[in-house]
Amino acid sequence: MILIFCSFCSSTVLGIDLGHKYLKASLLSKDQPLHFAINSNAKRLTPNLFAFWNRTRSTNYTSLETWDKNSADEFEWAFGDSARDQCLRFPKLCLKGLPLNNKSYFTLRGYEIAAMSIQSFIQSISQAERINDSIEVAIAIPPSMSPREKSFLYAALSISNIHNLTALQFIDTTTAPAQVYALEKYKGEKDKIVAFVDVGGSGTRVSIFKFDNSTGTTNITQLAVQFDESMGGEILDHLLAEKMAKKYNVNMENLKTRVNFIDDISMVKEMLTVHPSVDLKFEDDDDIDEKLITVTRKDFESIGENMVKTIEILSHLALAQANLKTHEIHEIEMIGGCSHIPFVEEAIKKAFNTTKLNHKLNADSAIAIGAGYSAAKLSKEFIVRPTNSSFMLTLPVIVRSAHKVYKVYDQGDSEDSSPAIQTKVNPHQTFSIETGNSNTHMEPYMEFELKDLGKATDVEISFIHNYFLMPVPMSASSSNNNNYEFEFKDIGWEVPATDLAESRERINYLIHLQKLRREKEIAANNFEAELLKLENFVYDAQNVTQEEIEKIKKIVKEGMEWFENVTIHVETQEFLDRIQKVKEETSEIVERGTEFSRKPISVQKIKKTLGKAKKMLNDSISLGKVEPALQGDLLNEIKDVEKWINDSKDCKTFTSKEVDARRLELKKKMIPLKQKIAALTKKPKNVDSQYNEL
C-alpha cells in the first residue's frame with residue numbers, strides 16, 4: 001500500500017483538478033485511502049458552471065448589475081450540477097470556468113465567484129464523503145495559468161468560508177499524472193521513459209518523464225513539456241456543432257439554441273468513440289418542429305484536422321526538447337476526456353511512430369489523484385512512499401529594471417532552481433517581475449525594491465518558485481556580504497486587505513442567504529408533503545368517520561390554496577407553524593386510521609429484535625467471560641417479551657405504539673451485554689456493525 005495513515009490523524013487531504021469544463025477531486029482520510037471522490041449528486045465530475053439570477057424574474061438581466069445588500073435576497077446563485085439547468089435555460093446568467101480576475105460579473109468580482117464556486121464544490125464533496133475533519137488541499141492548475149491568475153485563485157481560497165481549510169500547494173497538471181505513475185505503476189525494475197499525452201476539455205499537453213531507481217528511491221525527472229491551451233475537446237464540440245448546424249439549419253445565432261446544441265453535441269461526441277453514428281433529436285429554440293440529426297464518426301473526423309496538427313506539433317516539440325527519438329520512448333500514457341477519440345489516438349500513434357498506447361491511468365481521475373498525492377506529501381498527517389522529483393517550469397520569467405531586462409527563468413528550467421542576477425542597484429530603484437506565454441508577450445505582476453540601500457551598490461538577487469508556482473525574490477546581498485530586505489511595491493498575488501475583507505463579507509452574506517433559502521425550501525417541501533400524505537390518507541383510512549374524512553379534505557384544500565400562492569417573502573417559520581397546526585388537527589385521526597397498516601410492521605420489528613437478543617445471548621455464552629448477571633438480566637427480558645407477545649395473541653390486544661414502546665425497552669436491556677462483548681473482543685466496530693439495527 002502506497003499511503004500509510006493512522007487512526008489518530010485529524011485531517012482530510014483533497015487533491016483538486018481545476019479543469020475548465022469540470023472540477024474533480026481525490027480524497028484521503030484516516031478512514032479511506034486515496035480515491036476519486038464523489039459530490040453530493042453521487043457524481044465524480046462537477047460541471048465548472050456558475051449561475052446568478054433574479055428569483056423574482058429570471059430574465060431581468062439589468063438588475064444583475066445593480067443589486068446591493070438590501071436587495072440581495074431577491075437573487076439566487078448556484079454552482080455545478082445545480083447551475084447546469086439554469087445555464088441551459090438562460091445562458092446570459094451563466095459563467096463557464098472560474099473567473100480568476102478582478103473583473104465585475106453580476107456585480108461580483110471574478111475571484112469572489114471563484115471563491116463561492118470552490119466553496120460549493122468542496123462542501124458538496126464533504127457532504128458526500130462525510131468529511132468532518134480539517135481539510136488540506138493541493139490544486140492542479142493548467143500550465144498556462146499566469147501568476148496573476150494564481151494570485152486570484154489564492155485570494156479565492158483565502159476568503160472562502162470553509163472551516164479549517166489549508167491550501168498547501170498548486171501543482172502543474174502536466175506533472176500530476178507522473179506522480180501517480182511513479183507511486184502506482186512504476187516498479188523500479190528498470191529505467192523508463194514515458195510520454196503523457198493529455199487531451200482535455202480546454203487544451204492539449206504533451207510531457208515526457210524519466211523514471212529510475214538509481215538512488216534506491218524512485219526518481220521522477222521531467223524531460224519535456226509542451227502545451228496548447230487553445231485546442232481541446234471544447235473546440236471540437238464547437239466545430240462539430242457548427243458543421244451539423246449548417247447541415248440541418250440549426251439557428252446558431254440564437255444564444256440559447258447555440259448553448260443547448262453544443263451541449264447535446266458534446267454528449268454525441270463522447271458516444272461516437274464507440275458508435276459509428278448517433279441520432280440526436282433537437283428542438284430549435286425558435287422552431288416548433290423537432291429536428292432529427294444524424295452525426296457520424298466521419299463528420300467528427302472531418303473537423304479534427306487542427307487537433308491532429310496540434311498533437312503532431314506538440315509531440316515533435318516535446319521529443320526535440322527531451323533530445324529523444326521516438327524509439328526511445330518506452331510507453332505512451334493517455335489521459336484526459338478526449339483520450340479515447342479514435343482519430344486522436346491515431347494521431348498520437350503516428351506522432352510517436354508506435355502501434356500501442358497505454359491507458360494504465362484513469363483518464364478522468366489521474367490529475368486529481370496526482371494532486372492528492374502532492375497534498376499528502378506536504379501534510380504532517382500522512383506518510384507517502386518517498387520519491388525525488390525534478391519538474392519543469394512552463395512559463396518564462398524576466399526581471400525588468402528601468403534600463404535592462406534580465407532573463408531569470410526559461411520554459412523548461414527546473415522548478416527547484418534558484419537563479420540569480422548580478423546588477424548595480426540604485427536607492428529606490430524598482431524591479432518588475434514579468435511572465436507570460438512567450439518571451440515576446442510578458443505581463444508584469446509584481447514590483448519590488450531593496451530596503452535601506454544608501455548608495456549605488458553591486459547586488460546579487462536570487463529567485464525561487466514558491467509552493468504556489470509563483471516566482472518571487474528570495475535574497476539580495478552585496479559583495480561585502482550585506483543582506484537587504486525587499487519592499488514590495490505591487491504584490492500581484494495579494495488582493496488588498498480591505499478588498500479581501502469586503503469580498504469575504506459579501507460572499508458570506510450571499511452564502512448565508514442561500515442557506516436560509518435552503519431551510520425555507522425544506523420547510524416548504526415538508527409542508528407540501530404533509531398535505532399530500534393527508535390527501536392519500538383519505539383513500540385508505542380505516543376506523544374513521546365520514547365527518548373526519550371531510551375535515552381532512554378541507555384542511556388539505558385550504559393548505560394547497562395557500563401554498564400555491566406563496567411568495568418568496570413568506571418566512572420559514574410560517575411553514576413550520578402551519579405544519580405543526582396541521583399535525584395537531586389531524587394526528588389523532590391519522591394514527592387511528594393507519595393503525596391497521598402500522599401494527600404488522602411493529603410486530604415484525606419486535607420479533608426481529610427478539611431474535612437479535614437471543615443471538616447476542618448465545619454469543620456471550622460462547623465467549624465464556626461474561627458475568628452471569630448480565631446474561632441473566634437479558635434472558636429474563638427475552639422471556640418476558642416472549643410471554644407478552646404470546647399472552648396478547650401476537651400483540652392483537654396492543655396498539656402499534658405499545659408494541660414499539662415494548663421493543664424499545666428490550667433494546668435498552670441489550671446495551672450492557674453488547675458493550676461487554678465489544679470490550680472482550682476488542683473489536684467494537686465489528687460488534688456495532690453486527691448489531692447495528694438494534
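Predicted model: local features only at pLDDT ≥ 70, side-chain atom pairs only at ≥ 80, totals over all residues.
Local features need pLDDT of at least 70 and side-chain atom pairs count only at pLDDT 80 or more, while totals for chains, interfaces and linings use all residues. Residues are numbered from 1 along each chain as its sequence is written, and side-chain values use heavy atoms, with hydrogens and water left out.

**Domains**

The domain assignment of the protein gives the parts below. Such bounds come from an automatic or database domain assignment.

| Domain | Residues |
|---|---|
| domain 1 | 11–57 + 65–172 |
| domain 2 | 233–305 |
| domain 3 | 395–495 |
| domain 4 | 514–683 |

**Domain 1 against domain 3**

The centres of domain 1 and domain 3, taken over C-alpha atoms, lie 32 Å apart. Domain 1 gives 19 residues to the contact and domain 3 gives 16 residues. Contact means heavy atoms within 4.5 Å.

About 1,400 Å² is buried between domain 1 and domain 3. Carbon and sulfur atoms give 64% of that area. Buried area is the accessible area (1.4 Å probe) that two parts lose on being put together, summed over both.

Two residue pairs are in polar contact between domain 1 and domain 3, both at pLDDT 80 or more. A polar contact is a pair of N or O atoms within 3.5 Å; within protein, one must be able to donate a hydrogen and the other to accept it, and residues adjacent in sequence count only if both atoms are side-chain atoms. A salt bridge is a side-chain nitrogen of Lys or Arg within 4 Å of a carboxyl oxygen of Asp or Glu.

On the domain 1 side that touches domain 3, helix H3 (147–159) and strand E12 (165–172) each give two or more residues. H3 supplies the largest share, seven residues. Helices (H or I, at least four residues) and strands (E, at least two) are DSSP runs, numbered from the N terminus.

**Hairpin and salt bridges**

A hairpin joins E21 to E22 through four residues. Val399 has Tyr406 in E22 as its bridge partner.

The whole structure holds 40 salt bridges. One of them joins the side chains of Glu76 and Arg518 (3.2 Å, N to O). Glu76 lies in strand E7 and Arg518 in helix H11, 442 residues apart.

Terms used
Pairing = 2+ DSSP bridges.
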